[in-house]
Amino acid sequence: MRASRGSEAEVEERRQAVLRHVAQEGEIRIADLAERMRVSVMTMHRDLDNLHERQLLRKGRGVATAFSNVTMESALRFRENANVALKTAIADALVAEVSPGDTVLIDCGSTLFPLARRLTSVEGLRVITNSLRVTSLLAGSPAEVTLLGDRYYEDFESCAGPQSRRQLQDIRATIAFVTATSVRDGRLYHPVRAYAETKQAYLQAADRAVLAVDHSKFGRTATYPYGDVSGYDLLVTDADTPERELKPVRDLGVEVRTVDVCTDVSQS
């Protein structure tokens with residue numbers, strides 16, 4: 001059996017894998033999870049205790065159970081710790097698009113949290129966002145931060161709706177960084193209508209728009225379609241995104257940059 005010790009990031013990656021197994025199966029025996037993850041039952045109990053305390057699943061007598069009323073893929077507490085290395089690599093590419101003195105719009109997607117951390121070292125920025133988490137990450141930095149207000153959505157720790165869109169009409173930003181929940185054949189989708197509409201408003205408020213999406217979001221759809229990627233100047237993704245999904249993006253005239261976990265960047 002493989003040793004369970006590892007870095008904090010490795011432990012979190014394992015816990016996210018455990019969470020995915022439980023979400024996929026609905027309920028699974030703890031002993032089976034331990035065997036599947038190649039760790040001791042004691043280690044699996046610790047992992048499940050952690051996930052239970054974070055309200056990501058239920059841990060019972062000998063079993064772990066998924067929340068039937070939670071959309072795990074859209075809950076921020078799930079997404080923030082998924083694909084951390086890729087999000088870090090994407091952030092390294094995104095921050096190169098920012099110059100001192102820019103006015104920067106940042107969407108609420110967890111893919112952009114590492115970017116927010118990097119912006120703390122860029123002088124003279126004005127940052128506008130609908131994300132409470134982004135606002136918190138920029139606390140104490142030189143940036144002037146404006147939080148867009150509207151209906152608050154707990155799963156996204158952010159605001160969206162008509163008031164946010166009206167605020168964006170009065171803003172002119174240098175660059176907007178936006179994420180997507182689902183991308184298929186160059187078209188964009190979101191499970192919540194208010195966010196689909198707010199993302200479109202971000203594009204209209206900026207001189208340049210960058211879409212940041214890792215490979216796990218491609219080839220999927222959600223309830224509300226909201227156009228295609230043609231409104232963006234640049235797509236930054238990772239090297240595991242299938243070419244069949246990138247071709248429609250290029251065909252729409254959008255530049256594509258791919259990164260790997262070593263933060264090497266290629267252009268096409």
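Guide: Let us begin with a definition: the rings of Phe, Tyr and Trp, the last by its six-membered ring, pair if their centres lie within 6.5 Å. On that basis the structure, which is a predicted model, holds two aromatic pairs.

Visitor: What makes tyrosine 153 and tyrosine 195 an aromatic pair, and why is the pair called edge-to-face?

Guide: The ring centres of tyrosine 153 and tyrosine 195 are 5.1 Å apart, with 70° between the planes. Centres within 6.5 Å make a pair, and planes over 60 degrees apart count as edge-to-face, so both terms apply. Tyrosine 153 belongs to strand E7 (residues 151-153) and tyrosine 195 to helix H9 (residues 193-204), and the pair links distant parts of the chain, 42 residues apart.

Visitor: Why is the pair of phenylalanine 156 and tyrosine 195 called tilted?

Guide: Here the centres are 4.6 Å apart and the planes stand at 40°. Planes under 30 degrees apart would count as stacked and over 60 as edge-to-face; the rest are tilted, and 40° therefore falls in that class. Phenylalanine 156 lies in the loop between E7 and strand E8 (158-160), while tyrosine 195 is in helix H9, so this pair ties together parts that are 39 residues apart in sequence. Through ring pairs, Tyr153, Phe156 and Tyr195 are linked into a cluster.

Visitor: How do you know that phenylalanine 156 and tyrosine 195 count as buried?

Guide: Buried means under 20% relative accessible area. Phenylalanine 156 has 8% relative accessibility and therefore counts as buried; tyrosine 195, at 1%, counts as buried too. Tyrosine 153 is likewise buried. Across the protein, buried residues make up 49% of the 268 residues.

Visitor: Within helix H9, why does threonine 198 count as buried, and why does glutamine 204 count as exposed?

Guide: Threonine 198 has 2% relative accessibility, under the 20% limit, and therefore counts as buried. Leaving aside neighbours within four places in sequence, threonine 198 is in contact with Asn130, Ala160, Gly161, Arg165 and Leu168. Glutamine 204, at 63%, is over the 50% that marks an exposed residue, so it counts as exposed. The C-alpha atoms of glutamine 204 and glutamine 169 are 7.8 Å apart in space, although the two are 35 residues apart in sequence.

Visitor: What makes isoleucine 175 a buried residue, and which residues does it touch?

Guide: Isoleucine 175, in strand E9 (residues 173-179), has 2% relative accessibility, and because buried means under 20%, it counts as buried. Not counting residues up to four places away in sequence, isoleucine 175 touches Glu97, Thr103, Val104, Leu105, Ala206, Arg208 and Val210. Its C-alpha atom is separated by 7.8 Å from that of valine 98, which is 77 residues away along the chain.

Visitor: Why are H2 and H3 described by the angle they make to each other?

Guide: Two packed helices are described by the angle between their axes and the distance between the axes. The axes of H2 (residues 30-37) and helix H3 (residues 41-53) come within 9 Å and cross at roughly 105°. Angles of 65 to 115 degrees count as roughly perpendicular, and H2 and H3 are therefore roughly perpendicular to each other. Ile30, Leu33, Ala34 and Met37 in H2 meet Val41, Met44, His45 and Leu48 in H3.

Visitor: How do you know that E2 and E3 are paired strands?

Guide: Two strands pair if at least two bridges are found between them. E2 and strand E3 (residues 63-65) are joined by two bridges and run antiparallel. Arginine 58 stands opposite threonine 65 in E3. The open sheet has the order E1-E3-E2; strand E1 (27-29) and strand E2 (58-59) are its edge strands, since each pairs on one side only. Helix H2 lies across E1, E2 and E3, at about 80° to E1.

Visitor: What makes E11 and E13 partners in a sheet?

Guide: Three bridges join strand E11 (residues 187-190) to E13, against a requirement of at least two. Tyrosine 189 stands opposite proline 225 in E13. These strands belong to an open, antiparallel sheet in the order E10-E11-E13, with strand E10 (182-184) and strand E13 (224-228) at the edges. The twist averages 30° from one strand to the next. H9 lies across E11 and E13, running at about 15° to E13.

Conventions: Residues are numbered from 1 along each chain as its sequence is written. This is a predicted model: local features need pLDDT of at least 70, side-chain atom pairs count only at pLDDT 80 or more; totals for chains, interfaces and linings use all residues. Side-chain values use heavy atoms; hydrogens and water are left out. Helices (H or I, at least four residues) and strands (E, at least two) are DSSP runs, numbered from the N terminus. Contact means heavy atoms within 4.5 Å. Axes are lines fitted to C-alpha atoms, for helices over the stretch in contact, and angles run from 0 to 180 degrees between N-to-C directions. Buried means under 20% relative accessible area, exposed over 50%, partly exposed in between (1.4 Å probe, protein chains only). Angles under 35 degrees count as roughly parallel, over 145 as roughly antiparallel, 65 to 115 as roughly perpendicular and the rest as oblique.
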